[in-house]
Amino acid sequence: MNVAQSSPDSFERVRDSMMGCKRYGILFTWRKKISGRFLLDLNIERFQARWKLVSTVAFIAFSLPFSVACSFAAATSTSVSFRGLKASSETPTLQGVLKSYVEMLPGSVVKVHMVAVPAGSLSQAGKRIPVSAFWIADTETTWEAYDVFMASGTPSPAYDQTKYDADAIARPSKSYILPDLGWGHHGYPAINMSFLSAQMFCRWLSSKTGKKYRLPSDAEWEYACRAGSPTFKNLTTAQMTNSAWYADNSGGRTHPVGKKLPNAWKLYDMLGNTGEWATDTDGKPVLCGPTFHDKADKVRPDARARQTPAWQVTDPQLPKSRWWLADGNFVGVRIVREP
């Protein structure tokens, strides 16, 4: 290696640089001065050997803690706060155990938080009913979620009475009244929907996601409402006020979802706001849970209601709408999903 030397100052700079390099094992050897130049030998081989050793030690020192951190993060990923989960298109399971996840509705930014419910059993009418593991939405279906479904295709004719196959998908007809009744839209539970409308919403979501969404059975619904507890103790007035919208605090109307305290499984509004469509053991429609109309003695997980003509008494259509319940302002839906 040749180093130009034209003055004493530049020579001093070269020497100082060499002294600094010496600390890292870079060895220089002066040979002789020829015609104003100093010839310099650099021990490249020794430098390369030492540099390789330093690089290897540095790599191990930095990569080992990183690997340990990654392993720890992977091992603890299931303890991440549910509300912090990202939307996922994959089936979330861990060694056969369901995990909560977030479903992004197709073609929108609307998210549905699905809570994993473990398998168990429920006592109903003196019978022990086994319940398989499933997912259930943490709130009632909101208007913004239902709007995505209604806007996804052509609405059905108002008086159409088509008999649909089990896998057919149709959208509700246009409502002749404001569906939300002016109570509120964004964040409010979708109401006034018929059992058929609720079914079609589940079919549509299943077809778009490739997952099996449906309405819950009444056993699944009550099991989730109780959060697996074998018994239910009547709530105190303070407990009801904190966890449910019912006759004494609702003002005779629905309220935004998720504003009261959830149950032990982080499910909101299970004991008040709207009743929720489900199916009984015979596959027939039944409305589960108390509503904002109900008095305190009805705020129980075993509250049930069947549709009556009163739910459509003000509907002027003949035949009356199969999609909307003109007087069903207390009727909503909460979806579940099979593994």
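This is a predicted model: local features need pLDDT of at least 70, side-chain atom pairs count only at pLDDT 80 or more; totals for chains, interfaces and linings use all residues.
Me: Which residues make the contact between α3 and α4?
Reply: From α3 come Ala 145, Tyr 146, Val 148 and Phe 149. From α4 come Ser 197, Met 200, Phe 201 and Trp 204.

Me: How many residues of each class are in the contact of α3 with α4?
Reply: Seven are nonpolar, one is polar and none is charged.

Me: What makes α3 mostly covered?
Reply: Six of its eight residues are buried. They are Trp 143, Glu 144, Ala 145, Tyr 146, Val 148 and Phe 149. To count as buried, a residue needs under 20% relative accessible area. The buried residues of α3 pack against α4.

Me: Why is the pair of Trp 143 and Tyr 146 called edge-to-face?
Reply: Take the distance, then the angle. The ring centres of Trp 143 and Tyr 146 are 6.2 Å apart. Rings pair if their centres lie within 6.5 Å, so these two qualify. Their planes stand at 70 degrees. Planes over 60 degrees apart count as edge-to-face, so that is the name for this pair. The structure holds 14 aromatic pairs.

Me: Why are Trp 143 and Tyr 146 separated by about one helical turn?
Reply: They are three residues apart in helix α3, which means about one helical turn. An α-helix has 3.6 residues a turn, so residues three or four places apart point the same way. Both Trp 143 and Tyr 146 are buried.

Me: Which residues form one aromatic cluster with Trp 143 and Tyr 146?
Reply: Phe 149, Phe 201, Trp 204 and Trp 324 form the cluster with them.

Me: How do you know that a charge sits over the ring of Trp 135?
Reply: The charged end of Arg 337 is 4.2 Å from the ring centre of Trp 135. The distance cut-off is within 6 Å, and the charge must also be within 35 degrees of the ring normal. Arg 337 is counted as sitting over the ring. Elsewhere, Lys 260 lies over the face of Trp 245, at 4.2 Å from the ring centre.

Me: What does the secondary structure of the chain come to?
Reply: It comes to six helices and 16 strands. Of the 339 residues in the chain, 42% are buried.

Key:
Residues are numbered from 1 along each chain as its sequence is written. Side-chain values use heavy atoms; hydrogens and water are left out. Contact means heavy atoms within 4.5 Å. Helices (H or I, at least four residues) and strands (E, at least two) are DSSP runs, numbered from the N terminus. Ala, Val, Leu, Ile, Met, Phe, Trp, Tyr, Cys and Pro count as nonpolar, Asp, Glu, Lys and Arg as charged, and the others, Gly among them, as polar. Buried means under 20% relative accessible area, exposed over 50%, partly exposed in between (1.4 Å probe, protein chains only). Rings of Phe, Tyr and Trp (its six-membered ring) pair if their centres lie within 6.5 Å; planes under 30 degrees apart count as stacked, over 60 as edge-to-face and the rest as tilted.
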